[in-house]
Amino acid sequence: MATNPLLQVLEGYLQATTERQQLIVSNMANIDTPGYHARDLNFEQALQRAEGGADGMQLSPVVQEVQGLPERADGNDVNIDRESMLLSETQIQYQLGVQLVKGQFQQLLTAIKDSN
Amino acid sequence: MGLFDMMAISASALTAERQRAEVTTANLANAETTHTDSGGPYVRKEVVFSAVTGSPFRSVFNRLGRFAPQPGSVRLTEVMDDPAAPVMRYEPGNPEANGNGYVAYPAINPTEEMVDLMGSVRAYQLNASAVSASKQMIQESLDILKTS
């Protein structure tokens, strides 16, 4: 739908942050579920691939279980500090994406207004 | 999809944790209950949580309507009886006493229940803050409309 290529990338970025936030929230919801393993997006890898331009600037992150987290006695490995930190981090990343989108529209609006 | 699903997931956790707190407080309230409708002392209850995994079938249902819970959410699947044997106390004057003068009390440790209750309260708070984070993100995305 977006004609502006930058807007298209930003849309992908917002989608990826939303997806990641959903996984973080789901990890938080399952903090007391026995045997549950924390899941996350491989965000950095997806971002690198997008920068490399292999997928034509498309963010397509992969959902995977987080490795190397210490497991509790009930087999659950959700780390509350990690999740809370990531929750605010992703929230700010989303905010950044929204601000950039707003900036794009602002530019478009300026172009329209200055044309007459 | 997306932002509102996050709230649904957090809401499932709030429900599950509240139900857990309810069961725990029922255990605390009945720590000394020696007589129940089914006879014998009160039996300590325990909750079982399980994660909702996203099967393709379920996600199709999700798209059609809200028939199935959101994948990634949590739900209370079972309230189990604790198999621990009741604690026998020697109280010959008690009308509930058996032939030897012993009364069966539920095997409930109030300290354990209090710790469990604190755990569910903290988990509830955590998920409530996740809800406000989701809410703020939705508010921010609405801000895109306010450009000018």
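1. A salt bridge here is a side-chain nitrogen of Lys or Arg within 4 Å of a carboxyl oxygen of Asp or Glu. With that rule, one salt bridge turns up across the interface of chain A and chain B. It joins D32(A) to R20(B), whose closest N and O atoms are 2.7 Å apart.

2. Some ground rules before going on. This is a predicted model, in which local features need pLDDT of at least 70 and side-chain atom pairs count only at pLDDT 80 or more, while totals for chains, interfaces and linings use all residues. Residues are numbered from 1 along each chain as its sequence is written, chains are lettered from A and ligands numbered from 1 in the order in which they are written, and side-chain values use heavy atoms, with hydrogens and water left out.

3. What does each chain bring to the contact? Chain A puts in 26 residues and chain B 31 residues, where contact means heavy atoms within 4.5 Å. Together the two chains bury about 2,400 Å², with 69% of it on carbon and sulfur atoms; buried area is the accessible area (1.4 Å probe) that two parts lose on being put together, summed over both. On the chain A side, the residues losing the most area to chain B are Q22(A), Q91(A) and Y94(A), together 21% of what that side buries.

4. Polar contacts between the chains come to four residue pairs, both partners at pLDDT 80 or more. The term covers a pair of N or O atoms within 3.5 Å; within protein, one must be able to donate a hydrogen and the other to accept it, and residues adjacent in sequence count only if both atoms are side-chain atoms. In chain A, α1 (5–29) and α3 (80–114) each supply at least two residues of the side that touches chain B, and α3(A) gives the most, with twelve residues. Helices are DSSP runs (H or I, at least four residues), numbered from the N terminus.

5. Since 18 of the 25 residues are buried, α1(A) is largely enclosed by the rest of the structure. Buried means under 20% relative accessible area (1.4 Å probe, protein chains only).

6. Over in chain B, is S12(B) buried or exposed? It counts as buried, at 16% relative accessibility, and sits in helix α1 (residues 3–29). Beyond its neighbours within four places in sequence, S12(B) contacts S73(B) and V74(B). A polar atom of its side chain lies 3.1 Å from the backbone nitrogen of V74(B).

7. S10(B) is in helix α1 of chain B as well, and is buried at 0% relative accessibility.

Conventions: Buried means under 20% relative accessible area, exposed over 50%, partly exposed in between (1.4 Å probe, protein chains only).
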